[in-house]
Amino acid sequence: MISSARAAAVLCCAFTLGCADVSRGPATPVPDGGADVDAQTGDASQAGDGGALSFATSIHPVMTASCHGCHAVGQQAGDTQLLLTADVAADYEVVMRFVDTSSPAGSRLLSKMSGNGHGGGTVFAATTPEYLTFLQWIQQGARP
């Protein structure tokens, strides 16, 4: 014979599983702020200047913190085409050689940072907020 406490626990579990939607999996991450991003495709629409990202404020600080240590003259990646100086205008010109606004997801910058052909391995995987910010910036036209 089942005790009333055990029967209540079984009913509680059955009720919870019956109401839960466990088939959908985790929610698709959507970047905060910026342009409107389609949760299915990851495409950003240009939401006006209020949501536009810029190299100076959204991209350069991340690159300075994550890339400049190796991608500078005299450093480990000092013999590559991506040489950063910590000067926003100069670095923007260099970085734009790796950006394809006509095919944002195919940009060499994104490919390298996600570890494809990058001697330093993966810096930001495609699911990270940083990668999604870079992608969104390129989708918006890669503004300085």
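**Note on the predicted structure**

1. Pro-144 is located in the segment that follows α5; helices here are DSSP runs of H or I with at least four residues, strands are DSSP runs of E with at least two, and both are numbered from the N terminus. Pro-144 has a relative accessible area of 58% and is therefore exposed. The class limits are under 20% relative accessible area for buried, over 50% for exposed, and partly exposed in between, with a 1.4 Å probe and protein chains only. Leaving aside residues up to four places away in sequence, Pro-144 touches Ser-54, Phe-55, Ala-56 and Tyr-92, where contact means heavy atoms within 4.5 Å. From Pro-144 to Met-96 the C-alpha to C-alpha distance is 9.5 Å, although the two are 48 residues apart in sequence.

2. On the basis of the work: this is a predicted model, in which local features need pLDDT of at least 70 and side-chain atom pairs count only at pLDDT 80 or more, while totals for chains, interfaces and linings use all residues. Residues are numbered from 1 along each chain as its sequence is written, and side-chain values use heavy atoms, with hydrogens and water left out.

3. The protein has five helices and zero strands, and its elements run α-α-α-α-α from the N terminus on. Of its 144 residues, 27% are buried. Among contacts with a separation of 6 or more, 51% are between residues 24 or more positions apart. The accessible surface, by the Shrake-Rupley method with a 1.4 Å probe, comes to about 8,900 Å², and carbon and sulfur atoms account for 56% of that.

4. Most residues other than glycine have a negative phi. Ala-86, in the loop between α2 (55-66) and α3 (88-95), has a positive phi near 80°. Ala-86 counts as partly exposed because its relative accessibility is 43%. Ala-142, in the segment after α5 (129-139), also has a positive phi, of about 55°. With a relative accessible area of 0%, Ala-142 is buried.

5. Zero disulfides are found in a search of the whole structure, a disulfide being a pair of cysteine sulfur atoms within 2.5 Å. Cys-67 is in no disulfide, and its nearest cysteine sulfur belongs to Cys-70. Cys-67 is buried at a relative accessible area of 15%, whereas Cys-70 is partly exposed at 35%.
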